[in-house]
Amino acid sequence: MAGSCGGIWVKGGRDWGGDNPKPLTYLLLGLHCLTNDTLPKVRHMSSARFSLRLEPDLKDWLEEEAKRKDRSAGYIAIQALQNFKDATEAKRQLIERAMAEADQGAFVSEEAMTKWFLALGTEHELHEPDEDVVVRRG
């Protein structure tokens, strides 16, 4: 995309400020690349507006973290939500995988797991136990 970016510059970069900063393209939350040429044409962003109430301590922390990272509080909040979403989805996938394995009906007994666990870190460590309980469904 060609054109000036209306004063949107990379902070801390070689082209920050000065008499002749280079035109840059600004990536807004990874959703849109905007320049002066496209700004007037954008009516609705593909991201949705969302507001919430925060406890004062959490709001203060968010603002301080934003200052430390030289980012907006909104950016930090979006990153936190994305990380939470990723962790939640990963956990859900692990649970679904474990449930699929459990549906096959082969398990390790509590006794075998306890014996293995208690041997961890000792001179007589054991290999991970094999499945020793089979439940037949039918």
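1. Arginine 136 counts as exposed, with a relative accessibility of 75%, where exposed means over 50% relative accessible area, buried under 20% and partly exposed in between, for a 1.4 Å probe and protein chains only.

2. The model is a predicted one, in which local features need pLDDT of at least 70 and side-chain atom pairs count only at pLDDT 80 or more, while totals for chains, interfaces and linings use all residues. Residues are numbered from 1 along each chain as its sequence is written, and side-chain values use heavy atoms, with hydrogens and water left out.

3. The protein has three helices and four strands, in the order β-β-α-α-β-α-β from the N terminus on; helices are DSSP runs of H or I with at least four residues, strands are runs of E with at least two, and both are numbered from the N terminus. Of its 138 residues, 9% count as buried. Among contacts between residues at least 6 apart in sequence, 35% join residues at least 24 apart, a contact being heavy atoms within 4.5 Å.

4. Aspartate 70 sits in the loop between helix 1 and helix 2, and its phi is near 55°, a positive value in a residue other than glycine. This aspartate 70 is partly exposed, at a relative accessible area of 48%.

5. The largest pocket has a volume of about 780 Å³, the volume being the space filled by probe spheres set on grid points that are joined across faces, edges and corners. A pocket is here an open set of points on a 1 Å grid over the protein atoms alone, where a 1.4 Å probe fits, with protein on both sides within 12 Å along at least five of seven lines, and lining residues have an atom within 4 Å of a point. Of the 23 lining residues, Leu52, Gly74, Ala77, Ile78 and Leu81 lie nearest the centre of this pocket. Helix 1 (56-69) and helix 2 (73-103) each supply at least two lining residues, and helix 2 gives the most, with nine.

6. Arginine 71 lies over the face of tyrosine 75, at 4.0 Å from the ring centre; the criterion for Arg is CZ within 6 Å of the ring centre and within 35 degrees of the ring normal.
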